[in-house]
Amino acid sequence: MSGAESSTIDRVPVRDEAGDVLVEVQGLSRRFDVSSAWLNRVVRREDKRILTAVDEVSFSVNRGETYALVGESGSGKSTIAKMVVGLLAPSAGSVRIDGTDPANARPAAMTALRRRIQMIFQDPYASLNPRWRVADIVGEPIRTFGLASGNEVGKRVGELLEQVGLSASDATKYPHEFSGGQRQRIGIARALASEPELIVCDEPTSALDVSVQAQVLNLMRDLQRDLNLTYLFITHDLSVVRFMADTIGVLYLGRLVESAPREALFERPTHPYTRMLLDAAPRLDGFERVHATDGGEVPDPISPPSGCHYHPRCAFRVDKCDQRYPPRRVLGPSEVACFEAERVLDAGAGSG
Amino acid sequence: MKSALSRAWQSDIAWAFRGSPIAMLAAFVFALLVIAALFAPLIAPHTPFDPSTLNLMDGFTPPMSEALGSGSVYWMGTDDQGRDVFSTILYGLRLSLLIGLAAVLFAAVLGVTLGLIAGYVGGWVDALIMRVADIQLTFPSILVALLIFGVARGLTPPELRDQMAVWVLILSIGLSEWVQFARTVRSSAMVESKKDYVQAARLIGRRPIAILFRHLLPNVLGPVLVIGTIYLALAIITEATLSFLGVGAPPTSPSLGTLISIGQDFLFSGEWWILLFPALTLLALALSVNLLGDWLRDVLNPKLR
Amino acid sequence: MASNVMPSSAADDAAPLLQVRDLVVEIPTRRGTLRPVDGVSFTIRAGEILGVVGESGAGKSITGAAIIGLLERPTRIASGSVTLAGTRIDGLSERELRRVRGARIGTVFQDPSTSLNPLKSIGDQLAETALAHLSVSRAEARQRALQSLIDVGIPAAAERLDAFPHQFSGGMRQRVVIALALIGDPELVIADEPTTALDVSVQAQILTLLRRLCTERGVGVMLVTHDMGVIAETTDRVAVLYAGRVAEIGPTRRVLTDAAHPYTRGLMGSTPDTSPDRDIGDRLVQVPGAMPGLANIPTGCAFHPRCPSAMSICEQREPHTTVLGDSAVRCWLHEDYP
């Protein structure tokens with residue numbers, strides 16, 4: 001049996017290691033009404049259909065670190081990202097950035113908060129306005145927040161472009177004159193323009209070629225070190241997570257099933273889903289590797305399985321798994337929502 | 001400036017233009033008509049709407065023949081009042097173009113604005129605007145124009161009616177045409193609103209007005225040019241129809257439609273030129289605009305490239 | 001000028017199933033002729049999975065399209081040859097190509113909705129394909145359709161036979177596409193990014209399935225992807241494409257662990273990985289710049305502006321293809337100077 005202590009908790013424990021908490025997410029939920037139009041429903045006698053995209057997610061991010069949210073389709077990771085930056089209102093729960101809750105903030109506090117949070121988007125071809133010059137795109141936050149005016153703005157834009165590995169003369173060009181990787185750099189420059197503390201990165205390299213991805217990831221790490229940035233990094237790619245993240249949260253169908261520091265997650269996973277993900281991810285040295293395929297797919301998020309959502313696919317399943325949702329608990333350095341987490345820990349990290 | 005022009009000449013659109021004889025011909029005809037209309041006061045040999053210059057004895061003179069009264073040669077003949085048909089066409093063309101362009105511009109501004117709002121805001125605002133649009137679409141545009149025209153006419157005092165005719169025409173034709181602009185812009189706006197650059201602007205707290213007009217507008221304008229050209233032809237025809245029916249431009253300052261209406265009375269008594277030349281001009285105008293619009297639509301269609 | 005020499009393989013008496021020789025694909029535009037594929041050569045043996053890997057713009061999808069004759073005008077094969085089991089299939093008429101597709105070459109594309117007709121049940125689509133390419137009766141075709149669904153692991157296959165594509169999940173749909181590709185008993189399957197749009201857990205299942213079915217039936221597979229991890233785990237041999245040329249080709253294990261071409265080395269170094277044996281260094285290897293666009297391919301070796309080992313000759317002349325046993329590489333570092 002594993003010697004690790006396990007205790008049941010209701011709340012996310014505040015980390016008492018060094019580093020203060022910049023982002024605190026508590027019981028965050030988001031539901032979408034995806035029913036047909038009212039008239040159609042009445043005629044067809046259908047029930048309302050509610051999609052629970054995010055279900056009671058709690059985690060916290062320390063200043064200066066990278067917290068990665070990992071999940072496949074339907075996991076809710078993008079929805080969480082939008083709620084953290086304030087583009088979407090939560091249905092329940094709260095997001096606190098350095099103590100301020102955007103949902104309840106006064107306008108002045110809200111503007112101040114906006115300056116400190118920025119976002120980098122996934123699609124380099126949709127994240128820059130094709131009809132604007134780069135100078136205007138990168139300068140928009142500077143002007144909106146009144147950080148500079150007149151010629152100062154142009155100078156600042158030039159500095160930002162150099163900082164991300166482009167040249168100041170690129171400011172007069174239009175986005176279509178750049179490659180995908182360069183556009184992503186422009187997006188990063190725009191994110192840095194307001195001198196933020198927190199940057200939410202929504203799959204920033206998923207649309208890029210491998211060699212370009214390496215450049216952008218290296219750049220992001222350098223910037224984090226130089227500017228003391230905090231990243232909330234959303235992705236589906238475990239290999240990128242391994243390179244970028246300090247702490248990782250694993251999402252399945254809107255619920256946070258495991259949250260752990262990087263090494264613990266990759267070497268001693270405590271949730272069956274994490275273990276399955278690690279096994280499924282293709283490896284560069286996996287010649288003739290046999291996967292322990294679980295032969296299942298992510299179910300329809302509108303009518304998820306009862307109890308623990310993962311139970312139909314789970315190799316460690318026991319009777320109560322389809323009746324109750326397992327409470328979050330601490331197991332060593334990890335937090336996990338699974339009744340059989342100790343067995344998972346003992347089983348080791350996959351078939352290798 | 002020179003390099004911008006030469007770059008424009010090298011562009012794909014200019015190349016497609018040079019490769020299409022129809023487009024070049026239509027553009028040439030249209031340009032000719034626009035220049036004729038613009039410089040009408042300078043080109044017209046006579047001033048047909050100043051009664052003091054008219055000689056009733058010159059009436060009904062056939063084209064290229066000497067007039068009975070003054071002896072001058074009229075290129076396209078004269079009408080019943082002795083007005084030089086060529087000059088009336090020039091002024092009529094001017095009015096037709098003016099009303100057509102102004103109506104389309106009005107329809108475009110109204111339609112684009114409503115389309116942007118509907119596409120970006122969504123929800124009940126979108127539903128409301130679209131229902132109004134749908135209702136209006138069930139009526140033919142001429143009927144709508146007629147309706148609005150009638151109402152506006154009824155509201156203006158009789159002595160001002162002739163003067164207000166132009167404005168009322170622009171208003172009624174414009175109001176009958178905004179729907180297509182709104183619909184097209186709305187679907188583009190819906191697509192663009194979901195893109196990340198709009199999210200980025202919302203993120204830094206830009207106000208909806210700024211997002212609509214600084215971010216979205218430049219990206220939805222593409223199809224508007226094509227629709228605009230096609231609807232220009234429609235506006236011209238609608239105006240001509242209204243004037244032909246007698247509810248448009250009055251005879252005191254006639255458009256091409258009015259001239260056709262006047263000429264129709266004399267067709268069967270043998271003075272064919274009073275009808276034919278204005279009709280041919282209208283045909284040339286509408287056709288050239290239509291062909292240009294079709295060509296533009298094909299050339300700008302990304303799927304056909 | 002690339003040489004015509006092909007790398008010899010161990011079982012050389014087995015004639016290759018697919019032979020692509022010096023394939024050149026051109027797109028005439030008004031600004032000049034573009035060459036997305038510029039002298040690509042490789043072979044695939046029966047039962048072997050060849051991975052074709054490259055970044056976007058490398059020409060891998062166009063190569064696959066050229067082999068099955070799916071190039072859209074004005075893109076066309078300019079020179080070179082494609083030979084399937086001894087018969088040339090490039091330059092066939094559309095009618096003859098239709099007989100080749102399905103019966104001899106099956107295809108699996110990234111997006112199942114391009115292969116599956118949303119208006120027909122999958123049973124019908126499978127049976128139709130069987131009827132078109134095999135001489136079987138209708139009843140037999142339906143039986144084969146059912147069997148193919150069972151083979152690809154669709155649960156309750158008998159009931160699902162009459163279901164429509166939209167009633168299947170993404171992973172199940174891709175399994176149906178594989179069934180469709182294999183039902184005509186083809187000799188070769190071309191799979192273009194078959195798992196890129198799927199979740200990683202499903203990806204593993206699909207690739208395992210594809211590998212198992214094809215080696216069981218002795219079907220050769222050309223697997224086009226940009227994912228080196230997929231290459232490592234699924235393929236026997238791999239061809240690395242760069243700017244329309246084959247930079248390197250050889251057995252997967254050798255190419256990935258001991259790459260001869262600097263581009264391959266760069267790709268391996270810049271790919272983040274979950275293997276526990278891999279050190280988490282402070283930086284990923286960075287290959288500067290990006291793949292050149294078709295209109296801007298550099299002179300000499302297309303990779304030279306980004307290459308850490310570039311020499312002066314690399315800018316001047318295109319390297320020949322050097323054969324090293326069962327591999328080949330196109331790089332001046334390995335060229336035997338005359």
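**Sheet and chain contacts**

Tutor: Let's start with this: in this predicted model, β2 (residues 21-33) and β3 of chain A run antiparallel to each other and pair over nine bridges.

Student: In what order do the three strands of the open sheet in chain A come?
Tutor: The pairing is antiparallel, and the sheet is open. β3 (50-62) and β5 (92-97) of chain A each have a single partner strand, so they sit at the edges with one side lacking a neighbour in the sheet. On average, neighbouring strands are turned by 15° against each other, direction ignored. The order is β3-β2-β5.

Student: And which helix packs on that sheet?
Tutor: Look for the one touching β2, β3 and β5 of chain A. Its direction makes about 120° with that of β2(A). That's α2 (residues 77-85) of chain A.

Student: Moving on to chain C, which helix gives the most to the side of chain A that touches it?
Tutor: On the contact count, 37 residues of chain A meet 41 residues of chain C. Four helices of chain A each supply at least two residues to that side: α7 (210-227), α8 (238-244), α9 (262-267) and α10 (272-280). With seven residues, the top contributor is α7(A).

How values were computed. Residues numbered from 1 in each chain as written. Chains lettered and ligands numbered in written order. Predicted model: local features only at pLDDT ≥ 70, side-chain atom pairs only at ≥ 80, totals over all residues. Contact = placed C-beta atoms within 7 Å. Pairing = 2+ DSSP bridges. Axes fitted to C-alpha atoms, helices over the stretch in contact; angles between N-to-C directions.
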